[in-house]
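Please read the points below beside the model.

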Amino acid sequence: MTYVARSIAFAALITLAAGSTSAQDLDAPARLVVRSVKFQGNSALDDLRLSTSIATTQSTWFARFWVTRWLGVGQKRFLDEREFRRDVLRLRLLYNQSGFMAAQVDTIVRRTNGVVHIRFLIHEGEPVRVERVAVEGLGDIITERDALAAIPLRVGDPFNRFLLQVASDTLSRMLRDRGYPFVEVFRNFTVNDARGRVDVSFQVDPGPRSRIGRIEVDGADQLGEGSVRRLIPLREGELFRQRDLDQSQRDLYRLEAFNYVRVGLLDSVPDGPGDTLVGVLVRVAEGDLYGIRASLGYGSVDCLRGLIGWRARNFFGGGRQLDMTGRVSKVGTGRPFAWGMQSRFPCGTVPGALSAEDDPERLDLNWELSSTFSQPYFLGSRNTLNVTLTGEERAEFKAYLRRSVGGEVGVTHLAAASVPITLSWTATWGSTSAEPAIFCSFLNVCRVEDTELFSQRRVESRLGFRVLRDRRNNALDPAEGSFFSLEGRFAARAIGSDSLIQFSRGVAEVAVYRRLGRSGVLAFRVRTGAIVPPSIDLSGQNVQFVPPEHRFYAGGPTTVRGYGQNQLGPVVRVVDPTRGDSVTLPDSTRAFVPDTITSPTGGNSYIVANVELRVPLTARIQGALFVDAGQLIERGNELFPVREIAVTPGLGIRFVSPLGPVRLDFAYNPRDPQAGPLYERQGQDLVLLDSAFQPAAPSGFFRRLQIHFSVGQAF
C-alpha cells in the first residue's frame, strides 16, 4: 500500500470508528476515573505532543495524589470508551503524518475500584526520510539556497506532512512580501517504499510582480475614509508587500475603535498578463466610539476603592482619542468621607503604622484625576503623540504621602515586531511628606522642624523612556508567552528640576510563561533596578538624596510575598513617648512595644525573582506553589551588590471570576525582622537610641505567615 493510500485508510478508519458503537461499549463500567495516562516506547514524539492529540486525559495531580484525592480536591476526568478507541487511531494517524508509516499502537488498561490506568504501547518503527528537496520556478526572485534555508523540511529528517504544508506557506509568504500577490506553490513528493525515502519538490508560479493600484475603505462611517487611509502604511503606487497589509490590520485594531478589521486583496487573480496593479480592500466594522467604564474593589491596604472613566475614540475626528479617568481609594476611612470603614472591615490598621489619631491624613481619601489626549499618525503612521494632565493625592503604604499636579508629553514609536518605544517629558508641582526619621537616618538632620524642608512643594522635571515587548496570551492570567520591559527616568537641574530632585533611575523586567500538560503553568519573573543620584550640598553636608516617591520598595502581593507591603529592605523605627511607646535596650529596663512606628526607607538597588507553578484543582479553582526571592538595599559605591537574599516559599489558591483570578496567597518568611536605626522623639528632636536595633523574632510558624488577597496573578 502506498503512502497516500495508507493515509486515506487511516482517516477512513477514524471516520468509521466515530460512527460506530460496539456492544462492549454498553457493558463498559460507568464513570471510571482516569487515574493515569502514560506512553511507552515513544522517542520521536514526546509525551506532551501525544497527550494533546488524544481525547483521553488523566485527572489533575490533586485528584491523583492520595491525600488531596481523599479530601475530594482536584478535577476528575472520566473514561469515554468510544473516544479511547479513537485515540489509538489518532496516535497512528499522527505518526503516519509525521513520517512513521510502520508505527503500531497497543494499549494496556487496568480497571479497579472505579478508576482506570491506561498505558499506550508504541512501536514507532523506521520513518520514511526525506532524500531530496528542490524548489523550482523562483527565477532570480530568491535563490534556491535561501528558499531551502527558510523552509523547515531537511534532507535526512522524517517526512512530516505538517511541515510540508508549513514549507509551502513559507515560500508563498516570501514571494508575497516581495511583490507577488498571486503566487501559487505546488507540492509534489515521490515515495520509494522499498528504500523508505521520499523526494520532495515545490513548483513555484510567482505570477506578475504588482504594485498597489487602488485602496478602497468600507465601513468607516464615523471615523471617515480619509482617517483610515492616513492611519495605515499602504500607499497607492508602492510595491505590494503582504507584511504591509498585516501591519495595517494590526494598526487599525490598536486604535480600539473597530470590532472587526480585514485588509485583503480586491482581486483574486490578475486581470491579464500585463496587469501589474492590485487593489486592496480595507473593511472595518466600527465599535462604540464613546464608552464609560467603572469598577469597585477592596484591598487590605487601599480599603474601599473605585474607578470611573470616559473615553472618546474619535475625538474631533482623525482617530484621536480623549480618555478621562478618576480613581479613589480609602473611601470611608478618613476625610471627607469618615464613615469608620476601617473598624468594620480590617484595612490600613496594621501594626507599626501611625494610629488615626496621631496621623489622620494616613486614612484620608486617596485620589487621582487624569486626562490623556492621543494623536495617532504623529510625524508618521507608526508614531502616536500622548499628552496627559494629572492631579493626585496618594499615600504609599507606611512610606510617604504625595500631593502633586502636572503633565506629561510623550511619543510612542511602534518599532519592528510591534515593539512600542516611548520617549517622554514629565513636569510636576508637588510635595512629599514622610516620617521625619527617614530623612534623619540619611542626612543627619535630626530636628523634626528641619526635616520639613523635604516636604515643601517643588518642581520636578524629568525625561523618560520605555521599551515594552508583551507576548503574553492574557494580561490578567497569562499561561504562555513572555513579557519584557526596560524603562528609565532622568531628572536634573539642567532640564528644570529642583536641586533636591535629581537622579537617574533604571528598571528591567523579564517574565516567561510555559504550559505544563494541558492546563498547568510554570511562570518565571525577574525584576531589577538601580538609582544613581548625584552628590548635592545640603546645609554643609555632601549627601546623595533620592525623593521617597522615586525610591524602590519591595514586599507585598506582587513582589516578595513573605513580607508585608513595602516591608522588605531598610527601615527606621521611632519610639514616641506621647503614644506610650517604650523599648528595651541593653542599658535600659524599658519594654519594647511591638507597634512602635516602623517606616520603610526604600532603597536605591533591588532585585526580585519569582517562580510559580499553577495547577488546576477543579474547573474553576487553581492551586499554586511559589518561591519568591528578593533584595532591597541602599547601595554604596558598588554597582550591583548581592548581600542577603530573602527567600520566602508559599502556596496559594485562585478562583476564576469574570474580572480575572481572585488570588489568596500564604507565604512563609523564615527571616527575623530587619535591623535598623531606632530613634526616640524628645520634643522637636529625634535622638538615636540604637543604630541597628533588632526587634524580637516572631514566635511560632503561623506568626511568620503573610496572607495576601487580590485580583489577578502576582505576575
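1. Contact here means heavy atoms within 4.5 Å. The structure is a predicted model, in which local features need pLDDT of at least 70 and side-chain atom pairs count only at pLDDT 80 or more, while totals for chains, interfaces and linings use all residues. Residues are numbered from 1 along each chain as its sequence is written, and side-chain values use heavy atoms, with hydrogens and water left out.

2. Overall make-up. The chain contains 13 helices and 31 strands; helices (H or I, at least four residues) and strands (E, at least two) are DSSP runs, numbered from the N terminus. Of its 715 residues, 45% count as buried. Buried stands for under 20% relative accessible area, exposed for over 50%, and partly exposed for values in between, with a 1.4 Å probe and protein chains only. Among contacts between residues at least 6 apart in sequence, 62% join residues at least 24 apart.

3. E612. This residue is found in strand β25 (residues 605-616). Is E612 buried or exposed? Its relative accessibility is 0%, so E612 counts as buried. The E612 side chain makes a polar contact of 2.8 Å with the side chain of R561, and another, of 3.3 Å, with the side chain of R654. A polar contact is a pair of N or O atoms within 3.5 Å; within protein, one must be able to donate a hydrogen and the other to accept it, and residues adjacent in sequence count only if both atoms are side-chain atoms. With neighbours within four places in sequence left aside, E612 is in contact with V521, L522, A523, R561, A624, L625, F626, R654, Q713 and F715.

4. E393. Strand β14 (residues 383-396) holds E393, which counts as buried because its relative accessibility is 14%. The side chains of E393 and R403 are joined by a polar contact of 3.3 Å. Beyond its neighbours within four places in sequence, E393 has contacts that include D364, W367 and L401.

5. Helix α8. The 16 residues of α8 (residues 161-176) should span 22 Å at 1.5 Å a residue, and the end C-alpha atoms are 23 Å apart, which agrees. The expected span is 1.5 Å times one less than the number of residues. At the start of α8, a side-chain oxygen of N160 comes to within 2.8 Å of the backbone nitrogen of F162. The buried residues of the helix are L164, A167, S168, L171, S172, M174, L175 and R176. What do the buried residues of α8 pack against? Their partners are β4 (129-136), α7 (144-150), β5 (184-192), β6 (197-205), α10 (242-254) and β8 (258-265).

6. Cavities. A search of the whole structure gives two cavities of 30 Å³ or more. On a 1 Å grid over the protein atoms alone, a cavity is a set of points where a 1.4 Å probe fits but cannot get out, and lining residues have an atom within 4 Å of a point. Grid points are joined across faces, edges and corners, and a volume is the space filled by probe spheres set on the points. The largest cavity holds about 110 Å³ of space. Of the 13 residues that line the largest cavity, F454, R458, I501, P547 and E549 lie nearest its centre. Strand β16 (residues 419-433) gives the most to this lining, with three residues.

7. Positive phi. Most residues other than glycine have a negative phi. N113 has a positive phi of about 50° although it is not a glycine. N113 sits in the loop between β2 (104-112) and β3 (115-123) and is exposed, with a relative accessible area of 79%. E256 also is not a glycine and has a positive phi of about 65°. The loop between α10 and β8 contains E256, which is partly exposed at 45% relative accessibility.

8. F316 lies in the loop between β11 (303-312) and β12 (321-329) and is exposed, with a relative accessible area of 72%. F316 and L223 are 93 residues apart along the chain, and their C-alpha atoms are separated by 9.6 Å. Y668, in strand β28 (residues 662-668), is partly exposed at 25% relative accessibility. The C-alpha atoms of Y668 and R704, 36 residues apart along the chain, are separated by 5.8 Å.

Technical notes
1 Å grid on protein atoms, 1.4 Å probe; cavity = no way out; pocket = protein on both sides within 12 Å on 5 of 7 lines; lining within 4 Å.
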